[in-house]
Every structure is written in structure tokens, then in C-alpha cells.
Amino acid sequence: MIALALSLGLLSTSLLSCGGSRGGGLRNKGPRALPITEPMVLGWRLVPGDQLVYDHSVLWQSGPEESTRRVERWTYLVRDVDEQGIATLEGSLNALGVEHILEGEVTPEPLLALALAEEKERLSQDSVRVQLAMDGRLIGVTGVSWSDSLSHRLLGLQLSGEGITEQSTWPDPVLARPYADLLPMSLDVEVSGSHQVGGLFDDQGELRLSLVSEGLVRSPSGGPQVELEGQGWWDPQTGRLVSRALTARIGNLSMTCLLYTSPSPRDATLS
């Protein structure tokens with residue numbers, strides 16, 4: 001059971017499976033594949049006053065014997081959309097939980113309670129702002145540290161600037177850039193990234209478009225490198241990101257960030 005942040009609501013291990021409720025989570029069981037019969041133009045549809053509720057989950061795998069999972073629920077209020085179509089989203093934390101496993105043993109909740117309460121207090125004081133273009137380009141994330149920003153950055157799934165088909169692939173020059181900080185500062189690094197269409201699906205009457213991501217941070221002189229791979233699910237009917245996962249690997253270490261739509265904290269009953 002995940003240790004729970006005080007007075008923030010409950011987040012359980014069921015959220016970490018990303019199965020979630022209908023409309024949320026990384027789901028690839030059961031949807032029926034559909035042909036893309038004509039080019040599809042993708043883009044966010046955001047207006048001031050919109051609220052987006054997402055659950056974030058970050059899994060750090062330090063080796064085969066130790067892992068830490070952290071899950072957060074955030075509400076993003078669309079504060080403004082400027083003349084260039086850049087939306088400013090203001091994020092507020094609704095809930096927080098963490099789980100630590102060492103050699104197959106889950107760390108008891110009382111041992112995590114103090115650290116979790118302090119972390120909840122720290123994050124609640126942050127003013128997170130995400131600037132997002134309607135084509136999915138992430139303009140910036142402010143108000144949080146590099147490590148805290150990674151799950152917020154998943155909102156920035158770069159979409160193709162042209163109508164997409166089943167064979168579409170397009171570059172994303174900023175996908176891997178934040179992960180360059182995982183390599184020694186003394187290294188000169190090159191970053192690359194791309195997305196491709198993984199298919200269009202009918203999931204219980206709802207259209208879902210699969211987008212597959214790959215990225216790399218490497219040094220021309222050799223040495224360690226960061227490999228990225230992930231998948232996102234896009235709702236082409238509403239113009240919203242349903243869910244996204246991105247895993248970064250360097251040597252024996254890996255970090256997986258997940259983002260998936262959640263019921264409103266006011267309406268959801270969490271356990």
C-alpha cells in the first residue's frame with residue numbers, strides 16, 4: 001500500500017497500474033484497430049477556464065533489488081491562451097503517495113510519513129506553470145526543479161505539423177533534451193527524438209490514437225548514453241492527451257514517468 005500524504009486525499013497502488021477508469025490510463029487491451037482512411041490533423045483544444053486533471057507516476061529502478069514509486073494528482077487550470085495559440089496552464093497538487101521496495105520488502109508507511117508530509121508541504125507551495133502550444137510543443141515548465149518537472153513535461157507531446165497517416169513519423173528535437181542532465185556535465189552531448197503513429201483504435205466507442213516515441217542522449221566521444229522509449233494515447237475527438245509513458249535508461253538505472261487522465265478529485269472515490 002502506498003504511504004499517503006496527510007490531508008491530500010488517497011492515492012493507492014491501483015492508480016499505478018494505469019488501468020484506471022474508462023478514458024484514462026495506458027491501455028492496450030481490447031481496443032479494435034481501425035484504418036486511417038484520410039490524413040488526421042492533431043492539436044490541443046484549450047480555452048481559458050478549462051481544467052485538466054492528471055495523475056503522475058514516477059518509478060525509479062535503482063537495480064533489481066530496489067525501486068521507488070511516487071504518484072501525484074495534479075489539476076491544471078488553463079489561465080490564458082495568447083494570440084499565437086500558446087496556453088498557460090497553472091498546476092496545483094491534489095494528492096501525493098509514495099512506495100519504496102528494497103529486496104522485496106515494502107518500507108512500512110510510518111517510516112515514510114514524515115518525509116512524505118514534508119514533500120507534500122514543499123510541492124503545495126510550488127507555483128507550477130506549463131506553457132503548451134496547440135501542436136503539443138512544450139514551451140516551458142517553471143516553478144519546479146528539474147526532477148519535479150519531468151512528469152509535467154509529459155504534457156508536451158510534440159504532434160505532427162501535417163496531417164498524419166498510418167506511416168507518419170516526425171522529429172521531436174526537445175524530447176530528450178531534459179535528460180541530458182543525467183550525464184556528466186563534462187561531456188559534449190547530442191540529443192535526438194522522434195514520434196511515429198502506432199495505430200488508430202476504437203476503445204468502447206472512443207477513438208484513441210497511439211503515438212510511439214524514441215529518443216537518445218549520447219556523446220560523440222563515447223561513454224554512457226540515455227535511451228528513451230515511450231507511448232502516448234491521444235483522443236483525436238476532444239483534442240486531449242489521454243495518457244503517456246516515457247522510460248529513460250542509463251546503464252542499470254531506469255526511470256519511468258507516467259501521466260494519465262484522472263477523474264476530478266471532487267467526484268472520485270479513491271482507496
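Begin by selecting Q204, which sits in the loop joining strand 10 (190-203) to strand 11 (206-218); helices (H or I, at least four residues) and strands (E, at least two) are DSSP runs numbered from the N terminus. The model is predicted: local features need pLDDT of at least 70, side-chain atom pairs count only at pLDDT 80 or more, and totals for chains, interfaces and linings use all residues. Residues are numbered from 1 along each chain as its sequence is written, and side-chain values use heavy atoms, with hydrogens and water left out.

Q204 is not a glycine, yet its phi is positive, at about 55°. Most residues other than glycine have a negative phi. Q204 counts as exposed because its relative accessibility is 57%; buried means under 20% relative accessible area, exposed over 50%, and partly exposed in between (1.4 Å probe, protein chains only).

Next, select E190 and R218, whose side chains form a salt bridge (2.9 Å, N to O). The term denotes a side-chain nitrogen of Lys or Arg within 4 Å of a carboxyl oxygen of Asp or Glu. Because E190 belongs to strand 10 and R218 to strand 11, the pair ties together parts that are 28 residues apart in sequence. E190 is partly exposed at 40% relative accessible area, and R218 is partly exposed at 30%. Salt bridges with shared partners also join R79, E90 and R129 into one network.

Two further pairs may be displayed. The side chains of R70 and E72 meet in a salt bridge at 2.5 Å, N to O; E72 is buried, with 7% relative accessibility. R137 and D135 are likewise joined through their side chains, at 2.9 Å, N to O. R137 is partly exposed at 35%, and D135 is partly exposed at 24%. The whole structure holds 13 salt bridges.

Leaving aside residues up to four places away in sequence, T169 touches H195 and Q196, a contact being heavy atoms within 4.5 Å.

Which residues of helix 3 (residues 146-153) are buried? Selecting the helix shows D148, S149, L150, S151 and H152 in that state. These buried residues pack against strand 3 (51-63), strand 4 (66-81), helix 2 (109-125), strand 7 (128-133), strand 8 (138-142) and strand 14 (253-261).

For the surface, select E65, E66, E103 and E105, which gather in a patch of negative charge. Patches consist of residues with over 30% relative accessible area and no salt bridge, with like charges joined within 9 Å and nonpolar side chains (Val, Leu, Ile, Met, Phe, Trp, Tyr) within 5 Å. E103 is found in the loop between strand 5 (86-102) and strand 6 (105-106), and counts as exposed at 59% relative accessibility.

Finally, show the whole protein, which comprises three helices and 14 strands. Of its 271 residues, 47% count as buried. The protein exposes about 13,300 Å², of which carbon and sulfur atoms supply 50%; accessible areas come from the Shrake-Rupley method with a 1.4 Å probe. Among contacts between residues at least 6 apart in sequence, 62% join residues at least 24 apart.

Note on methods:
Lys, Arg positive; Asp, Glu negative; His and termini not counted. Charge placed at Lys NZ, Arg CZ, Asp CG, Glu CD.
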